[in-house]
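Colleague: Could you walk me through this model, one question at a time?

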Amino acid sequence: MGKETWLLRNALLAAVYAALTLGLAPLSYGPIQIRFSECLTLLAFYNPKWIPGLTAGCFLANLGSPFGLPDMLLGTLATFLGIWPMHRMRNPLLASLCPVVSNGVLIGAELDVLAALPPDLSLGAAMVYIGAGECLSVTVLGNLLLKMVMKNETCRKILME
């Protein structure tokens with residue numbers, strides 16, 4: 001694959017990630033969230049070449065965050081730290097837990113500091129809520145979706161080359 005093709009495909013991935021997040025904005029931000037775009041992070045398990053597009057997509061999506069610059073930086077870092085080790089994992093189920101943990105811990109802590117959370121919502125609870133939403137998106141939806149996509153020869157070729 002040429003450099004231009006790689007760049008174009010990562011730009012398209014970033015746009016899809018950002019559009020999904022922003023289009024589903026009421027669900028994408030806050031102490032209880034399901035960021036459906038995170039199901040795309042499993043692409044990094046199949047090929048690390050998708051890491052730049054996923055990272056850029058997260059940054060662009062966080063432009064719409066009610067927490068502004070801190071979420072643009074910390075949220076993007078959380079996603080990057082979750083997807084970076086994925087291609088080293090042995091199976092997609094195990095890989096899907098990387099962003100669950102990184103986002104649960106970092107975004108849960110971020111929300112504990114930046115959001116006006118109810119007094120009964122502790123730091124641990126915020127981490128669990130974020131991790132649970134991430135688990136639903138990446139571990140459940142992401143694994144189901146990519147299992148179907150990988151059955152298609154054309155899709156598999158695009159994702160793996």
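Modeller: Start with threonine 55, which is found in helix α4. Helices are DSSP runs of H or I with at least four residues, strands are runs of E with at least two, and both are numbered from the N terminus. This is a predicted model, so local features need pLDDT of at least 70, side-chain atom pairs count only at pLDDT 80 or more, and totals for chains, interfaces and linings use all residues. Residues are numbered from 1 along each chain as its sequence is written, and side-chain values use heavy atoms, with hydrogens and water left out.

Colleague: Is threonine 55 buried or exposed?

Modeller: Buried means under 20% relative accessible area, exposed means over 50%, and partly exposed lies in between (1.4 Å probe, protein chains only). Threonine 55 has a relative accessible area of 17%. So threonine 55 is buried.

Colleague: Which residues does threonine 55 touch?

Modeller: Contact means heavy atoms within 4.5 Å. Residues up to four places away in sequence are not counted here. Threonine 55 then touches Thr76, Phe80 and Ile83.

Colleague: What covers the buried residues of α4?

Modeller: The buried residues of α4 are Ile51, Gly53, Leu54, Thr55, Gly57, Cys58 and Ala61. Their cover includes α1, α3 and α5.

Colleague: How far apart are the end C-alpha atoms of α5?

Modeller: The expected span of a helix is 1.5 Å times one less than its number of residues. With 16 residues, α5 should span 22 Å. That agrees with the model, where the end C-alpha atoms of α5 are 22 Å apart.

Colleague: How wide an arc do the buried residues of α5 cover?

Modeller: The buried residues of α5 are Asp71, Met72, Gly75, Thr76, Ala78, Thr79, Gly82 and Ile83. They sit on the same side of α5, because around the axis they cover an arc of only 160°. The arc is that of the directions from the helix axis to the C-beta atoms. The value is 160°.

Colleague: Which residues are exposed on the other side of α5?

Modeller: Leucine 73 lies in helix α5. Leucine 73 counts as exposed because its relative accessible area is 53%. The exposed residues on that other side are Leu69 and Leu73.

Colleague: Which residues make the nonpolar surface patch of about 460 Å²?

Modeller: Patch residues have over 30% relative accessible area and no salt bridge; like charges are joined within 9 Å, and nonpolar side chains (Val, Leu, Ile, Met, Phe, Trp, Tyr) within 5 Å. A salt bridge is a side-chain nitrogen of Lys or Arg within 4 Å of a carboxyl oxygen of Asp or Glu. Accessible areas come from the Shrake-Rupley method with a 1.4 Å probe, and for residues only the protein chains shown count as cover. The patch is made by Phe59, Leu60, Leu63, Leu69 and Leu73.

Colleague: Which elements give two or more residues to the nonpolar patch?

Modeller: One spans 51-61 and one spans 68-83. They are α4 and α5.

Colleague: Which residues is leucine 106 in contact with?

Modeller: Leucine 106 lies in helix α6. At a relative accessible area of 23%, leucine 106 is partly exposed. Leaving aside neighbours within four places in sequence, its contacts are Leu74, Ala78 and Leu81.

Colleague: How far apart are the C-alpha atoms of glycine 131 and serine 102?

Modeller: Glycine 131 is in helix α7 and is buried, with a relative accessible area of 10%. Glycine 131 and serine 102 are 29 residues apart along the chain. Their C-alpha atoms are separated by 8.4 Å.
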